[in-house]
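These are my notebook entries on a structure that is new to me. I set down what I looked up, in the order in which I looked.

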Amino acid sequence: MKYSKLMCAFLGIMLTAAAALWGQQLPATASAGILLRSGGDSSAQRSTALTAVPEDFSTLHILPGFLLDMQVYDTPEYSLSLRVNDKGSVTIPLVGSIQVAGDTLPEAARKIEAALQEKQILIHPQVTLDVSQYAGTNVSVIGEVQNPGRIPLLAPHSLLDVIAMAGGETQIAGKEIEIKRADPAEHPAVITYVRGSNDDVLKNTTVNPGDTVVIPRTGIVYVLGAVNRPGGFIMQESGNLTVVQAVALAFGTTMQAATGAMRIVRRQSDGTILEIPVPYKDVNKGKAADVSLKPQDIVYVPVSKTKAILTGGTSVMSAATSAAIYTIR
């Protein structure tokens, strides 16, 4: 008798410990996003895993390639997995093909309910749809962002959100942003954006799944020759830079500078090199207007008039290729 009581007590302790261990393991398995299934294949026996809902799920529109999980209340035989074909429709037994691409999940569910009633299969069907697999919906962000690459996007987002998902712009990002649409029939959109002054432009510009966002590098102006810090300088936020401003970024001219022979070296669209004299002394005295620069311009300050004559635009262009680049923000 004592032996039986001890065995019963021992078995009770083991069962309690096993139940506690099982209770600790089950939430961990669910939180890892694993779908738990019982031994049978019936969809009524499936349990839903605890997974994170995508941020843009509320505005999701069904696309070809989605795998939909359809549940019909109190009718387990109509709980199915439906693949959206390349034409944007799903096929339901005894109902046929139903177009769902472009619809939200509630809209598609109402279409299926109406079809089940029309075919007199169910009197008052209650259909619930969920997404088991998403199609490859991404946005490509390339250029001057912190983390260029492909970003998963289920629904349209603002351009501001997309740039934030890519880690934000780099310090040398330009003021123009190009959006190449997924639909070849649509023309690319070019957004002019000056950082910190018109964020509403980014908020009001929509980026759709499949689009490509291109953020080019801003313009660089080179100041070479008799200056205290020769090199390349990022153009200001507005994209405008003048000769006086560029020389100031280079910490001014040296004592040996021949400012009267200062010139701009500019490469034309046809590849030829144009040299533009700069009346630097008259600009400083207020007798002449400051000269605006274009991206890739070179402001060359000769050391003496003799070297100014001997130094051509081609050699100046070659010197710019090895110049250090400075970011001024």
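Entry 1: I began with D103, which counts as buried because its relative accessibility is 11%; buried means under 20% relative accessible area, exposed over 50%, and partly exposed in between, with a 1.4 Å probe and protein chains only. I worked on a predicted model, in which local features need pLDDT of at least 70 and side-chain atom pairs count only at pLDDT 80 or more, while totals for chains, interfaces and linings use all residues. Residues are numbered from 1 along each chain as its sequence is written, and side-chain values use heavy atoms, with hydrogens and water left out.

I placed D103 in the loop between β4 (96-99) and α2 (105-118). Helices (H or I, at least four residues) and strands (E, at least two) are DSSP runs, numbered from the N terminus. I then listed what D103 touches, not counting residues up to four places away in sequence: L60, H61, I62, A108 and K111. Contact here means heavy atoms within 4.5 Å. With K111, the side chain of D103 also forms a polar contact of 2.8 Å. Such a contact is a pair of N or O atoms within 3.5 Å; within protein, one must be able to donate a hydrogen and the other to accept it, and residues adjacent in sequence count only if both atoms are side-chain atoms.

**Entry 2: the whole protein.** I noted eight helices and 18 strands. Of the 329 residues, 36% count as buried. I also looked up the contacts with a separation of 6 or more, and 57% of them are between residues 24 or more positions apart.

**Entry 3: the three-stranded sheet.** I found an open sheet in the order β2-β1-β5, with antiparallel pairing; two strands pair if DSSP finds at least two bridges between them. β2 and β5 stand at the edges with a single partner strand each, so one side of each has no neighbour in the sheet. From one strand to the next, the twist averages 30°. Between β1 and β5 I recorded six bridges, and M70 stands opposite L129 in β5.

I next looked at α2, which lies across β1, β2 and β5 and runs at about 130° to β5. Axes are lines fitted to C-alpha atoms, for helices over the stretch in contact, and angles run from 0 to 180 degrees between N-to-C directions.

**Entry 4: the cores.** Which residues touch the most other members of the largest nonpolar core? They are L68, M70, I92 and I112, in a core of 26 residues. A nonpolar core is a set of buried Ala, Val, Leu, Ile, Met, Phe, Trp, Tyr and Cys residues joined through side-chain atoms within 4.5 Å. β1 (67-72), β2 (80-83), β3 (89-92), α2 and β5 (127-133) each supply at least two residues of this core. The largest share, six residues, comes from α2. Apart from this core lies another, of 20 residues, among them M262, Y280, L293 and V301. In soluble globular proteins, nonpolar side chains tend to be buried together.

I followed L68 further. Leaving aside neighbours within four places in sequence, L68 has contacts that include I62, L80, L82, V90, L105 and V131.

**Entry 5: the five-stranded sheet.** I traced a second open sheet, in the order β7-β6-β12-β9-β10 and with mixed pairing. β7 (149-152) and β10 (189-192) are the edge strands, each pairing on one side only. The twist averages 20° from one strand to the next.

β6 (residues 138-143) and β12 (residues 212-215) pair in the parallel sense over four bridges, and V214 is the bridge partner of I142. β9 pairs with β12 in the antiparallel sense over three bridges, with E178 opposite V214. β9 also pairs with β10 in the antiparallel sense, over four bridges, with I177 opposite I191.

Entry 6: K175 is partly exposed because its relative accessible area is 30%. The C-alpha atoms of K175 and Y193 are separated by 4.9 Å, although these residues are 18 residues apart along the chain.
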